[in-house]
Amino acid sequence: MAALPLTMRLDKSEGAASYLSRLASRNFCSVEEFCADLGLSLAEIRDGKASALAQLAMLAGISAQDLVFWTPRHLDAHTTSWCCHDLTRSRFSGKEIRGCPQCLREDVAGGELPPEHRMYLRSDWSHEFRFTCLRHGCWLVPLWQEEDARQRSDIASRLQALGQEALADQRFDLPVEPSAFDRWFVARLSAQPTSTWLGQFDLQASLDFCDLLGRTLTRDRFPQLGDMTRRDRWQAMSLGFEIAAKGEEALRAKFAEMQQVQGAPQDGPQKRFGVLYGNLNRYHTGLAYLPFRTILRDHIISTWPIAAGQQILGEALPERRLHSVLTAARETGYSPERVRAILAAHGHVPAKSEGKINAWEVFPASPAMDLLRRVGQGVTVKAVQQALNITPSQINTLRMSGYLEPSVSGNGHRPLWDLAAAETFLGKLSAGAVPVEANAPDWEEIGALALRLRIPPGDIIRMRFEGRLASIGARRGVPGYRGIVVRPSEVEAKLARSIEDHLNIEDLSKRIGLRWPQARRLVMAGLTPSTILRNPASGAMQHYISLEDLTAFRSRFVTLLTLAEEMGVHWQKLSGPVRKLGIPRFQHDGKEFGQLYARSDIPSDWLQGSPP
């Protein structure tokens, strides 16, 4: 097919619609007449079909490659290929045609052809997110509107009808400083390199992300998209780009700011992140959007108390990563204030006076799982009193002997008990109890007997658990702990047994090589086991050391004397090597006990080696 005699050059960034209209006008035809006379399909050219564009380029004697590059090619009802990018079709101009008046004036001024043959529409003006002219620093303004798509193609006649007087009107010129977004978008369309973080990603995904982020950040002023003017949309788009262009760290910081300022986590991610979350969750689910979805999702699950199984941007969280004080309170059934005090006492969150509000005070769920389980199963001391028929003072005295210990305790909060464990304790204590009349003279309550004998109630309970008490009774009509009775004669007989095979504390101090005050502090602090027996001379109950108690001491501690016995040397020969090895002396509550060492601190190879 021969080239037309009357042609013109294809100008910079000009698409097929604008060029075809100028070429038709140059040949004294309307666009429809021109296409019909030359066998061109207007619809195919308007849709950017490659064969139709090649035919037009051949007739005009211009570069088909340049024409194809700047002409939007509609691939389907949703996608348009343009400037080597697949973009959303609906983002391209519909009935409103926008442009830069100053660019059109320059077209008229340069050349000998009539103005309608020299003025042309830049292809990038047709995109919804092109707001400004970089060359002249002004807004792209509406030039005309046309409902009919076929009439919309007759661009030359519309530009001619616009008139030189209108283009010359300075009121058309609306100056503005193009934003970094404007410059980046044009650079991406022109295949120019960009230095921003967004340059590595799909253009349409990047555009949508910046748009949605900007709209989310400005939603207080513009709750609905219809509330925004094009200037508002540009400002929001530029704001979203300014943040996203800086990369992941800036995005995560902005996400954290948004969720703190704009509400509480119980609102849910959809409400906190608005259209950004909603669109990434429902519509923008393709691979091109995956980097942005991943950043937002990772931020949410790393800063938000999301429950296991909850869907976040299309993916269910397999297990809870974070709790907040509020979610932990709901899970355990206790008030947020109480749960926070417990969590703070165990080092999971700061105290209320030092940290964030309960809704945003989050902590790793896994390390706190056992504690929260115990809190959820725990009951107050009142519940233990009612279930076991026991007084608070009786609970406290038993705790001093290691019984009825709370399952959750610590500073700054009231303890909680595992009721099942407390009932198991009572069941074990009362197992096999025989019914006893309320006023039976040869039976006595454990607490009353312990008070009379001046021993802890726990010592009597220990005898029972060790099988040293054959008899146990339960008073009729008195349930629980307060109804359990023992025979005083049996308890007293066990306490009055021979102490010839036991060491008193003074004997212990000599046996292990400690001073008497140090040995006594060790025993009284409960750091080594002892046995309560009655002193046959004074009748008082005292701590004695049995052979089993001494064995337990040696398994945990060593002194220079006991160490010398093990190694077969004199104890004085060990003082220097122990210092040289830097073995620390054992401490409890910041106090030492003389030359007492934890066996675990003694190097095993040194113990097994040759004596020094």
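In what order do the four strands of the open sheet lie, and what is the pairing? Before I answer, let me say that this is a predicted model, in which local features need pLDDT of at least 70 and side-chain atom pairs count only at pLDDT 80 or more, while totals for chains, interfaces and linings use all residues. Residues are numbered from 1 along each chain as its sequence is written, and side-chain values use heavy atoms, with hydrogens and water left out.

Now to the sheet: the order is E14-E16-E17-E15, and the pairing is mixed. The edge strands, each of which pairs on one side only, are E14 (434-436) and E15 (444-445). Strands here are DSSP runs of E with at least two residues, helices are runs of H or I with at least four, and both are numbered from the N terminus; two strands pair if DSSP finds at least two bridges between them. E14 runs parallel to its partner E16 (residues 473-475), with three bridges, and within this pair proline 435 has alanine 474 in E16 as its bridge partner.

Let me turn to two loop residues. Alanine 191, in the loop between helix H11 (180-189) and helix H12 (203-217), is not a glycine, yet its phi is positive, at about 60°. Leucine 313, in the loop between strand E8 (311-312) and strand E9 (315-316), also is a residue other than glycine with a positive phi, near 50°.

Are these residues buried (under 20% relative accessible area, with a 1.4 Å probe and protein chains only) or exposed (over 50%)? Alanine 191 is exposed, because its relative accessible area is 62%, whereas leucine 313 is buried, because its value is 1%.
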